[in-house]
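These are my notebook entries on a structure I opened today.

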Protein chains: 2
Amino acid sequence: MNHKTVSLADQVFERLESDILLGKYPRGQYLTELALVEDLGVSRTPIREALRRLEQEHIIEVSTRGILVLGVTSEDLADIYAMRLEVEPMVAARAATAATEEELSELREMLELQRYYVGRHDSDRIKYMDSCFHELLYRASHSTVFFDTLLPLHKKVQKYRKASVENESRADKSLSEHSEILSAIEKRDPAAASAAMRAHVQNAKNHIVK
Amino acid sequence: MNHKTVSLADQVFERLESDILLGKYPRGQYLTELALVEDLGVSRTPIREALRRLEQEHIIEVSTRGILVLGVTSEDLADIYAMRLEVEPMVAARAATAATEEELSELREMLELQRYYVGRHDSDRIKYMDSCFHELLYRASHSTVFFDTLLPLHKKVQKYRKASVENESRADKSLSEHSEILSAIEKRDPAAASAAMRAHVQNAKNHIVK
DNA sequence: TTTCTGATGATTGTATACAATTATACACAA
DNA sequence: TTGTGTATAATTGTATACAATCATCAGAAA
């Protein structure tokens with residue numbers, strides 16, 4: 001397992017990113033470093049370093065008045081899906097040629113877990129497995145550019161994906177779409193992987209973007 | 001003009017980002033915070049905040065041994081162009097419907113400057129005007145998602161664009177391609193803007209990626 | 001009442017001291 | 001020579017004190 005120690009700054013970043021992207025802090029709210037110091041029990045230094053990263057991801061905006069929560073708007077959501085629709089197929093195609101056997105095995109395992117939780121209607125886990133599947137795919141493309149671009153975009157839509165995975169028929173469909181993507185990658189067929197991914201993102205988009 | 005005061009952390013970020021992306025620090029070199037303190041004459045605090053942002057952009061990597069310079073590899077370069085080839089046309093199309101008259105006027109002005117410097121064979125200025133034109137376009141799409149995604153990618157290719165703008169025929173061609181893109185946007189024709197941009201990125205890619 | 005001005009408080013920006021971890025060099029033994 | 005252990009130095013991680021800026025509110029003048 002990965003026993004690498006995680007700095008306080010990293011922990012603060014992940015906590016704040018998750019809280020904001022899940023909507024715990026609404027867009028427009030102001031936070032202050034001092035309030036975060038009290039809430040999180042760490043000094044300003046790691047908090048400020050986390051804030052710089054969130055600022056870089058355009059999730060917050062810092063001014064002299066405080067920390068403005070930006071989050072993800074529905075316009076952002078539409079743009080993210082427009083972009084993923086073009087780029088994720090490229091990633092799938094790349095993964096079809098670049099993925100190692102170990103990565104394929106991880107993807108298979110992730111798909112099995114997703115199948116299990118879809119059967120149990122555990123929507124939180126379904127959402128988590130979905131995230132992991134896509135992240136593994138980004139990694140399997142062996143392209144830092146694709147990974148660095150797509151991972152933040154995928155994280156930003158998590159709040160909106162919640163309703164989607166709670167819909168049983170969509171959860172079933174999504175599972176079979178993942179399965180089709182993985183099959184194409186296992187066959188080392190970039191064109192098929194690309195097409196399957198494109199269909200998957202298009203369906204997800206139709207289901208989520210209003 | 002924009003008289004907004006820029007923090008030391010911002011200045012350090014821009015300086016380091018520029019130095020690394022222009023190749024002043026080669027990939028694989030280790031820096032230390034202390035050395036940067038002496039070089040830049042500021043304390044570790046703003047330096048560390050800048051480093052967190054560079055880390056987020058995957059330009060450096062920090063370990064206990066020091067700050068590892070990653071920069072942009074030729075594999076990154078190919079992936080960036082593959083991605084820009086799909087996404088920039090969407091941005092151009094969006095700008096064709098979303099750009100304000102003021103933004104169009106800024107784009108026209110930028111194009112005139114580029115024309116001027118192409119005439120004078122001033123490659124540094126040509127490169128700068130080229131960057132500005134694309135950045136204005138990202139902004140004119142009125143999409144933070146497109147802007148935040150494409151601007152870092154465009155910045156990352158600047159080192160490789162240098163040779164390109166020094167080639168006279170390519171500089172001429174690039175200028176006329178920009179002009180065609182802007183014309184389509186002025187006519188509020190998204191499809192034409194998209195096609196013109198696609199051709200432009202494809203040509204740039206052919207010229208730069210080996 | 002409205003508007004301006006000044007003081008005060010709140011908030012972020014920066015520097016520095018200290019802690020903790022880890023790489024490195026050196027001595028010493030096998 | 002090679003390996004090993006230990007001490008030392010180098011480096012990042014964190015906390016905190018202080019500086020600077022800006023928003024806010026009270027109060028006075030028009």
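**Entry 1: A:Glu57**

I began with A:Glu57, which is buried because its relative accessible area is 11%, under the 20% cut-off for that class. I keep in mind throughout that this is a predicted model. I located A:Glu57 in chain A, in the loop that runs between H3 and strand S2 (60–63).

Which residues does A:Glu57 contact, once its neighbours within four places in sequence are left aside? I found A:Phe13, A:Glu17, A:Pro152 and A:Lys156 from chain A, and B:Gln56 from chain B. With B:Gln56 the contact is a polar one between the two side chains, at 2.8 Å. I also looked up A:Leu153, which is 96 residues away from A:Glu57 in sequence, while the C-alpha atoms of the two are 9.7 Å apart in space.

**Entry 2: B:Ser143**

Next I turned to B:Ser143, which I found in the loop of chain B between helix H6 (123–140) and helix H7 (144–156). Is B:Ser143 buried or exposed? B:Ser143 has a relative accessible area of 4% and therefore counts as buried.

Not counting residues up to four places away in sequence, B:Ser143 touches A:Asp79 and B:Arg94. The side chains of B:Ser143 and A:Asp79 are joined by a polar contact of 2.7 Å.

**Entry 3: rings**

I then went through the aromatic rings and noted two aromatic pairs over all chains. In chain A, the ring centres of A:Tyr116 and A:Tyr117 lie 5.1 Å apart with their planes at 70°, so I recorded this pair as edge-to-face. A:Tyr116 is partly exposed, at 45% relative accessibility, whereas A:Tyr117 is buried, with a relative accessible area of 13%.

In chain B, the pair is B:Tyr116 and B:Tyr117, also edge-to-face, with 5.1 Å from centre to centre and 70° between the planes. B:Tyr116 is partly exposed at 43% relative accessibility, and B:Tyr117 is buried at 12%.

A:Arg53 lies over the face of A:Phe13, 3.7 Å from the ring centre, and A:Phe13 is one of the residues I had already listed as contacts of A:Glu57. In chain B, the charged end of B:Arg53 sits over the ring of B:Phe13, again at 3.7 Å from the centre.

**Entry 4: DNA strand C**

How many residues surround DNA strand C, and which are the closest? I noted 21 residues, the closest being A:Arg44, A:Arg48, B:Leu8, B:Ser43 and B:Thr45. Of the atoms of DNA strand C that come within 4 Å of the protein, 66% belong to sugar and phosphate.

B:Thr45 faces a base instead, with a polar side-chain atom 2.5 Å from a base nitrogen. The elements that give two or more residues to this surface are helix H3 (44–56) and strand S3 (66–69) of chain A, together with helix H1 (8–21) and helix H3 (44–56) of chain B. By class, I recorded six nonpolar, eight polar and seven charged residues near DNA strand C.

**Entry 5: DNA strand D**

For DNA strand D I also noted 21 surrounding residues, with A:Leu8, A:Ser43, A:Thr45, B:Arg44 and B:Arg48 the closest. Sugar or phosphate accounts for 64% of the atoms of DNA strand D within 4 Å of the protein, and bases for the rest.

Two or more residues of the surface near DNA strand D come from each of helix H1 (8–21) and H3 of chain A and H3 and strand S3 (66–69) of chain B.

Definitions and conventions: Residues are numbered from 1 along each chain as its sequence is written. Chains are lettered from A and ligands numbered from 1 in the order in which they are written. This is a predicted model: local features need pLDDT of at least 70, side-chain atom pairs count only at pLDDT 80 or more; totals for chains, interfaces and linings use all residues. Side-chain values use heavy atoms; hydrogens and water are left out. A residue is near a molecule or strand if one of its heavy atoms lies within 4 Å of it. A polar contact is a pair of N or O atoms within 3.5 Å; within protein, one must be able to donate a hydrogen and the other to accept it, and residues adjacent in sequence count only if both atoms are side-chain atoms. Helices (H or I, at least four residues) and strands (E, at least two) are DSSP runs, numbered from the N terminus. Ala, Val, Leu, Ile, Met, Phe, Trp, Tyr, Cys and Pro count as nonpolar, Asp, Glu, Lys and Arg as charged, and the others, Gly among them, as polar. Rings of Phe, Tyr and Trp (its six-membered ring) pair if their centres lie within 6.5 Å; planes under 30 degrees apart count as stacked, over 60 as edge-to-face and the rest as tilted. Buried means under 20% relative accessible area, exposed over 50%, partly exposed in between (1.4 Å probe, protein chains only). A charge sits over a ring if NZ of Lys or CZ of Arg is within 6 Å of the ring centre and within 35 degrees of the ring normal. Contact means heavy atoms within 4.5 Å.
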